[in-house]
Amino acid sequence: MEQPHGHGGGHGGDLDAAVAGQIALTSRPPGPSSRLGMLVPSSNSNAESLTADILAGSPDVGVHYSRFRLPTDLDDRIDAKVLGSAPSLLSDAELDAVAFHGTSGSWTGLEGDRALAESLTEATGAPATTASLALVAALEALDAGRVAVVFPGPPGIMALIEHEYAASGLEVVRSSVPARSMSNPEISRMSGAEIGALMRPAFGSDVDAVVCIGTNLRSAYLAAGFESEFGVPVVDSATATLWHLLRLAGTARPITGWGALLASA
């Protein structure tokens, strides 16, 4: 009697699949096939945990981190001297894309961030971005020209952000800043209620998107809820950084639960 195709009986398909799986395991290294790199300020406690949460369903993507210490003056521009050996240490992992996980270029100048991205590519051999450049790219992808900005920093710096955004063709309709200046660790310890109270005044039917500037501000966890309530996309800087990295690495995919930007990647 002729046996069904496979290794016998009705289990041939299962055995074939198991053999195929074994072949797949031996054809490439196990674990993530795409490697992303992030240069993270030493006082940031949001980058690794948020990124891991977002990529929980993407085991093919691995993210590697290197840290550096921020200058004490917010007006100081981040450059290769500030980053020190952090980029070269990341380059040892042979990355597919790398990002400076900070938003200072939003007020010190996007041209400086473009130069920084070029220097990161030279140091790592991978395409590079920054959180500030990722935000602008995300707004362009969403066709958002009129924005409201949420910024957990001094009002004086907010004025610089408005000027820098205007130079990129982005109109800041309004902004929301805290009543007092906070340190980076203080920003990371804001409760969900405090973050929500900072974000809520930014929303309205007169803006195309709400931009949250500050990679230690955990606004990404509230983005989908506010989008559902107001129908306005939320572009969180840490989320935008990951979104841009995935695109640069050629591994973009829709990721649901974190707002319109990642859902449409």
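Which residues does leucine 139 touch, not counting residues up to four places away in sequence? They are Ala144, Val147, Tyr165, Leu170, Ala209, Val211 and Val235, where contact means heavy atoms within 4.5 Å.

A quick note on the source: this is a predicted model, where local features need pLDDT of at least 70, side-chain atom pairs count only at pLDDT 80 or more, and totals for chains, interfaces and linings use all residues. Residues are numbered from 1 along each chain as its sequence is written, and side-chain values use heavy atoms, with hydrogens and water left out.

Now the cores. A nonpolar core here is a set of buried Ala, Val, Leu, Ile, Met, Phe, Trp, Tyr and Cys residues joined through side-chain atoms within 4.5 Å; buried means under 20% relative accessible area (1.4 Å probe, protein chains only).

| Core | Residues in core | Some members |
|---|---|---|
| Largest | 58 residues | Leu139, Val149, Tyr165, Ile213 |
| Second, separate | 18 residues | Leu198, Val210, Ala223, Val234 |

In the largest core, Leu139, Val149, Tyr165 and Ile213 touch the most other members.

On to histidine 101, sitting in the loop between strand E3 (97–100) and helix H5 (105–108); helices (H or I, at least four residues) and strands (E, at least two) are DSSP runs, numbered from the N terminus. Histidine 101 is buried, at 0% relative accessible area. Setting aside neighbours within four places in sequence, its contacts include Met38, Pro41, Asn44, Ala131, Thr215 and Thr241.

Notes
Buried means under 20% relative accessible area, exposed over 50%, partly exposed in between (1.4 Å probe, protein chains only).
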